[in-house]
Amino acid sequence: MHGYDCADPAQVFVAGMTIKQIVRELHVSRNTVRKVVRTGATTFEYEREHQPRPRIGPLEAELDRLLSASENKAARERLTLIRLFEEVRSLGYDGGYHAVVVMLAPGPMPRHRLQPSCR
């Protein structure tokens, strides 16, 4: 690249390249280049101050109870994710399926072993 510092699109812009040329050479978005040119900052970070609790939070104990009861059953009789979702909906949960799946998904702290909802 014409002897300019790749990490600083603002320097390249001042040296005479257009935003479009900088975008093509540095492989960054146009909006990022415009932001760097306007502010001069080359690093951008976002840190959430408060993590909102999903709507399923109040029903977490009930969900754990359902999972514990399901674990003792034979493999074919265990509750699938969709059945767990339907059970929680019947208890008054008005959120989405994804929030239930995320809460039950194995991650850093694995939850209960689940049956897949379809094969």
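## Burial and overall make-up

In this predicted model, buried residues account for 23% of the 119 residues in the chain. The accessible surface of the chain amounts to about 8900 Å², and carbon and sulfur atoms contribute 51% of that area.

The secondary structure consists of six helices and zero strands, so that the order of elements, read from the N terminus, is α-α-α-α-α-α. Among the contacts in the chain with a separation of 6 or more, 46% are between residues 24 or more positions apart.

## The buried side of helix α5

Helix α5, which spans residues 81-90, has Leu-81, Leu-84, Phe-85 and Val-88 as its buried residues. These residues lie on the same side of α5 because the arc they cover around the axis is only 100°. The cover over the buried residues of α5 includes α4 (60-71) and α6 (97-104).

After α5 comes Gly-92, a residue with a positive phi, near 110°.

## Packing of helices α2 and α3

Two packed helices are described by the angle between their axes and by the distance between those axes. For helix α2 (residues 19-26) and helix α3 (residues 30-39), the angle is about 120° and the axes are 9 Å apart, while the crossing of α2 and α3 is right-handed.

In this contact, α2 contributes Ile-19, Ile-22 and Val-23, which meet Arg-30, Val-33 and Arg-34 of α3. Sorted by class, the contact of α2 with α3 comprises four nonpolar residues and two charged residues, with no polar ones.

Technical notes. Residues numbered from 1 in each chain as written. Predicted model: local features only at pLDDT ≥ 70, side-chain atom pairs only at ≥ 80, totals over all residues. Heavy atoms only, no water. Helix = DSSP H or I, 4+ residues; strand = E, 2+ residues; numbered from the N terminus. Buried < 20%, exposed > 50% of the residue type's maximum accessible area, 1.4 Å probe, protein only. Contact = heavy atoms within 4.5 Å. Areas by Shrake-Rupley, 256 points an atom, 1.4 Å probe, with all protein chains shown as cover. Arc of directions from axis to C-beta. Axes fitted to C-alpha atoms, helices over the stretch in contact; angles between N-to-C directions. Left-handed = near helix turned anticlockwise from the far one by under 90°. Nonpolar A, V, L, I, M, F, W, Y, C, P; charged D, E, K, R; others polar.
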